[in-house]
Amino acid sequence: MFSFDIHDLDETIHGRVRLGIMTFLASTGTADFTTLKAHLKVSDGNLSTHLRKLEEADYILQNKSFAGRRPLTQLSLTEKGRKAYIAYLDAISRLISMTGPKA
């Protein structure tokens, strides 16, 4: 019997770019905007839009400063964001285990 609740998937994380952001930050701890943009291969505007959505959910923290005269944005997961990311991965894992080969 299939008993997976689709609502277990966090819509804030589920988008391709936002999932990429969360995964990158979970593995690196922190990243600057330029590095994240290059890794995900997205535009400034696209990345900014997704970061804003994650920040509004309190999943990431943006630290804005200057390195010399250049703006520097450092990004990291909040505790809430880390917990939400782990819960998301757990939900995906449950979904995969239900659809795998049956013994």
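## Helix α2

Helix α2 covers residues 16–28. Its 13 residues reach 18 Å from the first C-alpha to the last, close to the 18 Å expected at 1.5 Å a residue. The expected span is 1.5 Å times one less than the number of residues. Helices here are DSSP runs of H or I with at least four residues, strands are runs of E with at least two, and both are numbered from the N terminus.

This is a predicted model, where local features need pLDDT of at least 70 and side-chain atom pairs count only at pLDDT 80 or more, while totals for chains, interfaces and linings use all residues. Residues are numbered from 1 along each chain as its sequence is written, and side-chain values use heavy atoms, leaving out hydrogens and water.

The buried residues of α2 are Val 17, Arg 18, Gly 20, Ile 21, Met 22, Phe 24 and Leu 25. Buried means under 20% relative accessible area, exposed over 50%, and partly exposed in between (1.4 Å probe, protein chains only). Just after α2, Gly 29 has a positive phi of about 90 degrees.

## The sheet

An open sheet is built from 3 strands in the order β1-β3-β2, with antiparallel pairing. Two strands pair if DSSP finds at least two bridges between them. The edge strands are β1 (30–32) and β2 (60–67), and each pairs on one side only. From one strand to the next, the twist averages 25 degrees.

β1 is joined to β3 by 3 bridges. Here Ala 31 stands opposite Leu 75. Between β2 and β3 (residues 70–77) there are 8 bridges. Ser 65 faces Leu 72 across this pair, and Asn 63 has Gln 74 as its bridge partner. β2 and β3 form a hairpin with 2 residues between them. Gly 68, in the turn, has a positive phi of about 70 degrees.

## Packing and core

Helix α4 (residues 44–56) lies across β2 and β3, at about 125 degrees to β2. Axes are lines fitted to C-alpha atoms, for helices over the stretch in contact, and angles run from 0 to 180 degrees between N-to-C directions.

The largest nonpolar core has 25 residues. Such a core is a set of buried Ala, Val, Leu, Ile, Met, Phe, Trp, Tyr and Cys residues joined through side-chain atoms within 4.5 Å. Those with the most contacts inside it are Ile 21, Met 22, Leu 36, Leu 47, Leu 51 and Ile 60. α2, α3 (33–40), α4, β3 and α5 (79–99) each supply at least two residues. The largest share, 5 residues, comes from α2.

Leu 36 touches Ile 21, Phe 24, Leu 47, Leu 51 and Leu 75, not counting residues up to four places away in sequence. Contact means heavy atoms within 4.5 Å.
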